[in-house]
Amino acid sequence: MGWLRRHRSIIPYLFLLPGGLWLIVFFVLPLLTTLSVSLQEGSLGSGYRLTFNFAIFPESIMRWNEQFVRSLQYGLIVTILTMLIGYPMAYTIAFRGGRYKSALLLLVIMPFFTSFIIRTISWKFILADEGFVLGTLKDWGVLDPSFRLLATPMAVISGITYNFLPFVVLPLYVALERIDPKLIEAANDLYATRRQAFLKVTLPLSMPGVFAASLLSFIPAVGDYLNAELLGSRQTTMIGNVIQRLFLVNNDYPQASALSLVLMVGILVSIFIYMRVLRGQELGT
Amino acid sequence: MHDESSIERAIARALRPGRRLSRRRFLRDSGRGAIVAGSALSLPAILAACGIGPAGSTAGSAAPSASNKVVGGGEPAGTLNFANWPLYIDQDDNGKSETLRMFTEATGIEVNYDEKIEDNQSFFGIIQPALAAGEDTGYDLMVITDWLVGNMLRLGFLEEFDVATSVPNFVANAAPKYHDPVYDPDNRHSVPWQSGLTAMAYNPALVSEEITSLKQLFDPAFIEKYSGKIGMFTEMRDTMNLTLLYLGVDPAKATVADAERARDVLMAQAPYVRGYYGNDFAQGLADGSLAITMAWSGDIFQLQFDNPDLKLVVPEEGAILWVDNMTIPKGAQHPNDALAMMDFVYQPEIAAQITEYVNYICPVPAAQEVIRQHAEEADNQDDADYLNAVADSELVFPSEDMLSRTYSYKVLDEDEERQWNELFGEVVQG
Amino acid sequence: MTSAATTAPRSDAPPVRRASLATTLGRLILPVYTGLVVLYMLLPILVMAAFGFNDTEGRFNFVWHGFTLENWLNVFSRYPALNEALINSLIVATVSTVLATTLGVLMGLALTRYEFRGRGPLNLLIFLPIATPEIVLGASLLALFVSAEISRNLTTIIIAHIMFNLSYVVVTVRARFAAFDRSLEEAAMDLGADEWTTFRKVTFPLIFPGIMAAALLAFALSIDDFVITQFTSGQTSTFPLWVYGASRIGVPPQVNVMGTIIFLIALVGMGLWVLVQRRDRLRSAPGATDR
């Protein structure tokens, strides 16, 4: 302790060391492999050679342009939806949850304990064309007999929204929970309306949480493929599906790696623009 | 190359009488490292020692020559690491497999049975690095689908064995259809575990016509009526090969030009297709989301318990017979134990036991009688009804006529596989 | 002790202004809304639980055939491989959550409370794993393990899970640490508390809810991860892997029962937690706060 006190400047590095090393060894190193693979040419059987085939990047973007745009669209819609659904919920848990806070948080993440296969089977059961919801509405004549929810963009977007809602509620809750209710009371005492108090006090103070939450829904949503695969159709193919197919079915590792990198860069650029929009908001702080 | 394999076959044929007895003696001898040159049965070993191993001599093999020898003919080591798909073997109410128990009792071999294979392609992805590095995958026996057998064979990733001497029960008991398949000539690297049909199915409650032909699945004029209720498969091989049958092309003889025509047909059909399904097609058919769909026979057999009206159709044009095979990955530590298991499950009694549980197409026709007998001996009517349903189902014991109308997947070489995947990728992903 | 306990009475206290009917209704909107969202989150679980009682005929569990308790009676004996997979999943999720949270909290503290060089690259290093498609993380880790000749088992799964959880933990806790009011710590120090006591009595209770939320997130991500686990698991199976494999043949109702049991355990745990908190508060009431 004494030594540490004399060398305070070393403390942050000590704190960062284990996690940083972990990320370097188990993330950066493998990622560099991916980069090198993307610049190779060849096939599984005959082997790959590093040919610095940079042309693969523009080629991939051109070929899968439509899926890229669709993924970004879905990611954006999902982010907005999760925020609209998640913010009031996180707000309620943080300010009105009382002693049920932990309980409510746990309820939010409960679906993850059941495996996505079971959840999807359940959703398909609930929303089936002739299931008890749509089937009943069709019998009553409320819906056209040919109406369906499954295998539509709506199904995919709702599926992703459902999956990533907890990722939004948790950081929002964390940010809202630390706001001192006294500040809001003070605003009320100064004759601010509830609306004004929310807009002038609560919302600005929760912005770091909004920022973190929107990233935690946007990024995985753009790269998702399970929902599109299980709930979608040909018209809802996302870039994640393409990468997955190239990796696991076509065994086209260079193309798959290149697309992955393009996707990462695309996401980083979106985040950068987003940060500029939320000016003054440095990454999460 | 060709000569070697015919020499092998000739020797195997010549030695067939009295095979079992001498094989057992041979196993004992070689286990002790005794000199076995006098025994004709050791010929494969000698050939291998002289560097003229018959090994992966099938077309296009890129097998590393160093390990080009036949496995088998040795004493089992007493351990078997067996990778299979979940729920793909009989299990009692305590989750124990009677087949595995009997195997251990009969042979003394302990089985580490691992339900590890979730999917051919991803399982291959998991073991491929070890195989490419020439290392042991940790498995001695694995169940993989025929096209992957073809692929791994091409890459030299499967051990070769002499089916005549090492798996005599296969030779004696397997249906003729399973001998000498296109993906593995002479069964040098594989014997079937279970198989099934890729065909089509429909829900008569939603379809007014009787479905008999692939035209009713592909012809836009016909399927317009069922738009959004048509299901196809996301597995490239299933969908492409079935489409080839619609085009009147034997998949085994298909060219890339044929594959392009298949792509065109599928593109024309795509606007009416609800989705490209994996196993989840079964739920769609069960809940009325799908009216007409590509289907796997085993799933339809199961779905008929939920909805007896559902129908599997082997179309006029034919269907695909897929086969999941027992194979030994290159570098396996206990190949003799793996061969012992292969031979063991080809006894009709054991094959019946597995089929009663998994209900896929049984490669051993004699198992049908065994199951009927089990039905007679059953303690209650429920069990008897169930067993009779299994024995009587054409989806478990297809007739010769039905089997004669089936085709295997085309074995694709690397270039073809890439081209076909790209063509099919356009269909499913735009 | 916990901040939840100390803030709760405050937020429960009615506002000073007069409560008209409109505001009373207004106050109900949020809880009702939250209830509806929770219901939406749990709807699939209710369906799952119901089908755990299904007396299935074939091997598929899509159509209701009648009520049975059989699946509950043999849930842990019917598929030993499934038990093993579930235990593996719980081990992986617990260990990776604890380690990732520890490493992540340390990083979060460093990022928000200290000055150091290389902040920019570090931020990038933390964000990239979140921005990387799961399949790329899995495939590239597999390449690393194979080339380093590391055989894949439970340990490699845990390594991978810590890796992808770490960034999520840092991002979640940082939002809370960043706005931490340092004057509280300074006040404690002024009152003679040493650094460790200050951390234990002041800092930690205040950052604890953030850490809990991050840990919950990590646990949830880990227990249901399929893609990365598939690449890093070798011969080990986990609950999601087994269920995915079983879906080829038909997911047995025992899987539904297991999901239901886990849900019930969590529910009972929550109930106990609430009770313990209530007892603590009753014991320390009235107004016996230490500050």
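A residue is called buried here when its relative accessible area is under 20%, exposed when that area is over 50%, and partly exposed in between. The model to which this scale is applied is a predicted one. On that scale A:Phe247 counts as buried, because its relative accessibility is 7%. The residue belongs to helix α13 of chain A, which covers residues 239-249. Once residues up to four places away in sequence are set aside, A:Phe247 touches A:Tyr253, A:Ala256, A:Ser257 and A:Ser260, and it also touches C:Ile135, C:Val136 and C:Ala139 of chain C. A:Val262, which is 15 residues away from A:Phe247 in sequence, lies 15 Å from it in space when the distance is taken from C-alpha to C-alpha.

A:Asn227 is part of helix α12, residues 226-231, and it counts as buried because its relative accessibility is 7%. Leaving out its neighbours within four places in sequence, the contacts of A:Asn227 are with A:Val156, A:Gly159, A:Ile160, A:Asn163 and A:Gly232.

Along the principal axes, the C-alpha atoms of chain A fill a box of roughly 75 × 75 × 35 Å. Chain A has 285 residues, of which 58% count as buried, and among its contacts with a separation of 6 or more, 67% are between residues 24 or more positions apart.

The size of an interface is often given as the accessible area lost when the parts come together. For chain C and chain A the buried area is about 9,200 Å², and 77% of it lies on carbon and sulfur atoms. The contact draws 101 residues from chain C and 92 residues from chain A. Which side chains meet in a salt bridge here? They are those of A:Arg119 and C:Asp224, with a nitrogen-to-oxygen distance of 3.1 Å, and the interface has one salt bridge in the count. Nine residue pairs across the interface of chain C and chain A are in polar contact, with both residues at pLDDT 80 or more. On the side of chain C that touches chain A, helix α2 of chain C (residues 21-51) contributes the largest share, 16 residues. By residue class, that side of chain C consists of 74 nonpolar, 14 polar and 13 charged residues.

Chain C also meets chain B. In that contact 33 residues of chain C are paired with 35 residues of chain B, and the area buried between the two chains is about 3,100 Å², of which carbon and sulfur atoms give 52%. The count of salt bridges between chain C and chain B is zero, while ten residue pairs across the interface are in polar contact, both residues being at pLDDT 80 or more. On the side of chain C that touches chain B, the elements giving two or more residues are α4 (80-113), α6 (134-147) and α11 (239-246) of chain C. The most comes from α11(C), which gives five residues. The residues on this side of chain C divide into 14 nonpolar, 13 polar and six charged.

Chain B itself contains 20 helices and twelve strands. Of its 430 residues, 61% are buried, and residues 24 or more positions apart account for 77% of the contacts in chain B with a separation of 6 or more. Chain B exposes about 15,800 Å², and carbon and sulfur atoms supply 51% of that area.

Most residues other than glycine have a negative phi. B:Leu87, although not a glycine, has a positive phi of about 60°; the residue lies in the loop between β2 (79-83) and α4 (98-107) of chain B, and it counts as buried because its relative accessibility is 1%. B:Asp186, which is not a glycine either, has a positive phi of about 65° and is found in the loop between α8 (168-173) and β6 (190-202) of chain B. Is B:Asp186 buried or partly exposed? B:Asp186 is partly exposed, because its relative accessible area is 23%.

Key. Residues are numbered from 1 along each chain as its sequence is written. Chains are lettered from A and ligands numbered from 1 in the order in which they are written. This is a predicted model: local features need pLDDT of at least 70, side-chain atom pairs count only at pLDDT 80 or more; totals for chains, interfaces and linings use all residues. Side-chain values use heavy atoms; hydrogens and water are left out. Contact means heavy atoms within 4.5 Å. Buried area is the accessible area (1.4 Å probe) that two parts lose on being put together, summed over both. A salt bridge is a side-chain nitrogen of Lys or Arg within 4 Å of a carboxyl oxygen of Asp or Glu. A polar contact is a pair of N or O atoms within 3.5 Å; within protein, one must be able to donate a hydrogen and the other to accept it, and residues adjacent in sequence count only if both atoms are side-chain atoms. Helices (H or I, at least four residues) and strands (E, at least two) are DSSP runs, numbered from the N terminus. Ala, Val, Leu, Ile, Met, Phe, Trp, Tyr, Cys and Pro count as nonpolar, Asp, Glu, Lys and Arg as charged, and the others, Gly among them, as polar. Buried means under 20% relative accessible area, exposed over 50%, partly exposed in between (1.4 Å probe, protein chains only). Accessible areas come from the Shrake-Rupley method with a 1.4 Å probe; for residues, only the protein chains shown count as cover.
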